Amino acid sequence: MRKLLIAIVVVALLAVIAVQTGAAKPVVQWRVEAALLDSGLSEQRAECMSARMVDRLSIWQLYKLQQGMAPQAGEAESPTGLGDLIKRLRRADDTEAVAVTASSAGLCAIGIG
C-alpha cells in the first residue's frame, strides 16, 4: 500500500513538472486541435487556433473553456448558431479565454494568425 501511494505521488509530480516546463504542450495542443476539429472547424483553422490558444491560455483556462462549451441537458451536441455559441462561451466565465478564442478565430479566418 505504501509503495502504491509513493508511486501515485511520483506520477503526479512528474505530470505537474511536465505541464510547468512545457513538455506537455504538444499533447495539450493536440487535444485542443482535436476538440476544434470535432466542433466542425477545418483542419487548417483548428491547427492555427489551437497553437494560439495553447500559447495564450493556461491549462486551467482551457479546461474551463472545454467544460463551458460542453452541451448541457436539452442542448445540441455542437452549437447551432451564433447565439448558442456565445451562450456556451459565457458559461466558461473567463473573459480572457473568450477573448483569446474570438481573436484566434478571427485572425486565423483571415490568414494572419
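Contact here means heavy atoms within 4.5 Å. The model is predicted, with local features requiring pLDDT of at least 70 and side-chain atom pairs counting only at pLDDT 80 or more, while totals for chains, interfaces and linings use all residues. Residues are numbered from 1 along each chain as its sequence is written, and side-chain values use heavy atoms, with hydrogens and water left out.

Helix α6 comprises the 16 residues 95-110; helices are DSSP runs (H or I, at least four residues) numbered from the N terminus. At 1.5 Å a residue, counted over one less than the number of residues, α6 should span 22 Å, and the 23 Å between its end C-alpha atoms agrees with this. At the start of the helix, a side-chain oxygen of Asp94 comes within 3.1 Å of the backbone nitrogen of Glu96. Just after α6, Gly111 adopts a positive phi of about 90°.

Ala97, Val100, Thr101, Ser104 and Cys108 of α6 are buried (under 20% relative accessible area, 1.4 Å probe, protein chains only). Because they cover an arc of only 100° around the axis, they lie on the same side of α6; the arc is taken from the directions from the helix axis to the C-beta atoms. An α-helix has 3.6 residues a turn, so residues three or four places apart point the same way. The cover over the buried residues of α6 includes α3 (43-56), α4 (59-69) and α5 (82-91). On the face turned away from this buried side are Thr95 and Ile110, which are exposed (over 50%).

In α4, the buried residues are Gln61, Leu62, Leu65 and Gly68. They fall within an arc of 125° seen down the axis, and therefore line one face of α4. Their cover includes α2 (25-38), α3, α5 and α6.

Terms used:
Helices (H or I, at least four residues) and strands (E, at least two) are DSSP runs, numbered from the N terminus. A polar contact is a pair of N or O atoms within 3.5 Å; within protein, one must be able to donate a hydrogen and the other to accept it, and residues adjacent in sequence count only if both atoms are side-chain atoms.
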